Amino acid sequence: MTYHTTRRRLFAFASSAALLGALMSAGMQSQASTLERRATAGIEPREVAQPSPYGLARHFWDALALEPRDAWSRLRSRLAWQDGIDRPRVQAWIDYYRKAPHNIVEITERARPWLAWIIEQVEERGLPAEIALIPFVESSFDPGARSYRGAAGLWQFMPRTGDALGLARQRGYDGRLDVVASTRAALDYIEGQAEQWYDGDIQLSLAAYNAGAGTVNRARRQALAEGKSGDYWSLSLPGETMDYVPKLKAIAAIIANPDEYQVALPEIEDAPAFAKVPVSQPLRLDEAARLAGVPHQTLAELNPGVTGGVVPPGGGRVLLVPTERADELMARLASPAPAVASTQTGDDRYVVRRGDTLAAIAARQGVSVDEIRQANGLSGSLIRPGQALTLPTRSLASR
């Protein structure tokens, strides 16, 4: 089955919109709203229920019952490639996964922080929901995964590919490990290649994602020269690439019918487990954890791209925090921290406020920058909101 990207579905959407405009009766308005939302998401419309003799659409509660209730339900409702699971290459991988159902449970449990948000990103682009399962195949949903060939992250980008897609690599930060940045880059890459080379065919783009566009394009030219269709299933590709889409379809088939395959999927809510907090200046993970009231390990796991303990600012960088702690963290980052007195004898302590610099603090407190550096073991001028600085006793006595 060929699945086209959002841009290639615009004409179909326009037709759907025209149909919706014809639904003028009050009894059909809620039904039209549902169809419009699904058309916007790139989902094929369900069969329309016939109105009752009174001109009323399906009962509100019946319609509500059809809405997804968790991440798995939402994913299942948008799977687009389930018509080809009887292919031998797909069945071989279904059989392989069925032999170790505990592995599927372990990997899907690892997906818990990321799955709902990734599904949202895939849905917004009108892509098949199977795309949200690529990290299952690529990294077993481990955002810190690294391959022996140098690929890294949830989506397993090689360094040069990551660089080309704007995934910065610098001291203390690797954008390939940043789940938000790498997910957007991966979806851009898949959509872009589909449009550039394959007339919107996502399965061919996935083959290129794995093997490179050059390899797939050569295989496609050869298939067409032999009178074949030129779709993914007709190509002769490297073994790993021949298995790439079958693996994806196989795991999607199991998730679509977990009872049939005797797999107990973990419960995952249909809402992102994290919120994004903008970072405008360097912010230490341990300090952010303290301000947010969460364990340091929690923030480290949500922000695997931060490899040096400090979130670097710029480039739209964000800190991921548990959803329920985001408001508190943002409020504390935005509020100036008050100066607090130390219980230590012979010195005072000053808590750095947003916008402070060492020079400004030194001028206000009647000390030199070098004295503050020496008292606090600082080698440079980098300070952060919430950081407690020791102020030398000598200078305080002379004020």
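The following paragraphs go through this predicted model, from the whole chain to single residues.

Residues are numbered from 1 along each chain as its sequence is written, and side-chain values use heavy atoms, with hydrogens and water left out. Because the model is predicted, local features need pLDDT of at least 70 and side-chain atom pairs count only at pLDDT 80 or more, while totals for chains, interfaces and linings use all residues.

The protein has 20 helices and 8 strands; these are DSSP runs numbered from the N terminus, helices being H or I with at least four residues and strands E with at least two. Of its 399 residues, 44% count as buried, where buried means under 20% relative accessible area, exposed over 50% and partly exposed in between, with a 1.4 Å probe and protein chains only. The accessible surface comes to about 20200 Å², and 52% of that belongs to carbon and sulfur atoms. Contact means heavy atoms within 4.5 Å. Among contacts between residues at least 6 apart in sequence, 65% join residues at least 24 apart.

The largest pocket has a volume of about 800 Å³. Pockets and cavities are found on a 1 Å grid over the protein atoms alone: in a cavity a 1.4 Å probe fits but cannot get out, whereas a pocket is an open set of points with protein on both sides within 12 Å along at least five of seven lines, and lining residues have an atom within 4 Å of a point. A volume is the space filled by probe spheres set on the points, which are joined across faces, edges and corners. The largest pocket is lined by 32 residues, and E138, R149, Q156, N210 and E240 lie nearest its centre. Helices α5, α6, α8, α11 and α14 each supply at least two residues of this lining. By class, the lining has 19 nonpolar, 8 polar and 5 charged residues; Ala, Val, Leu, Ile, Met, Phe, Trp, Tyr, Cys and Pro count as nonpolar, Asp, Glu, Lys and Arg as charged, and the others, Gly among them, as polar.

There is 1 cavity of 30 Å³ or more, and the largest cavity has a volume of about 60 Å³. Residues lining the largest cavity include Y173, D178, R317 and L320.

Helix α5, one of those supplying the pocket lining, also holds W93 and Y96, which are 3 residues apart and so separated by about one helical turn. The centres of their rings are 5.0 Å apart with planes at 70 degrees, so the pair is edge-to-face. Rings of Phe, Tyr and Trp (its six-membered ring) pair if their centres lie within 6.5 Å; planes under 30 degrees apart count as stacked, over 60 as edge-to-face and the rest as tilted. Y96 and Y97 are likewise edge-to-face, because their ring centres are 5.6 Å apart and their planes at 70 degrees. W93, Y96, Y97 and F136 form one aromatic cluster. W93 is buried at 16% relative accessible area, and Y97 is buried at 12%.

G126, with a positive phi near 70 degrees, follows α7.

A208 lies in helix α11 and counts as buried at 1% relative accessibility. Leaving aside neighbours within four places in sequence, A208 is in contact with Q193, Y198, A213 and V216.

Key: Areas by Shrake-Rupley, 256 points an atom, 1.4 Å probe, with all protein chains shown as cover.
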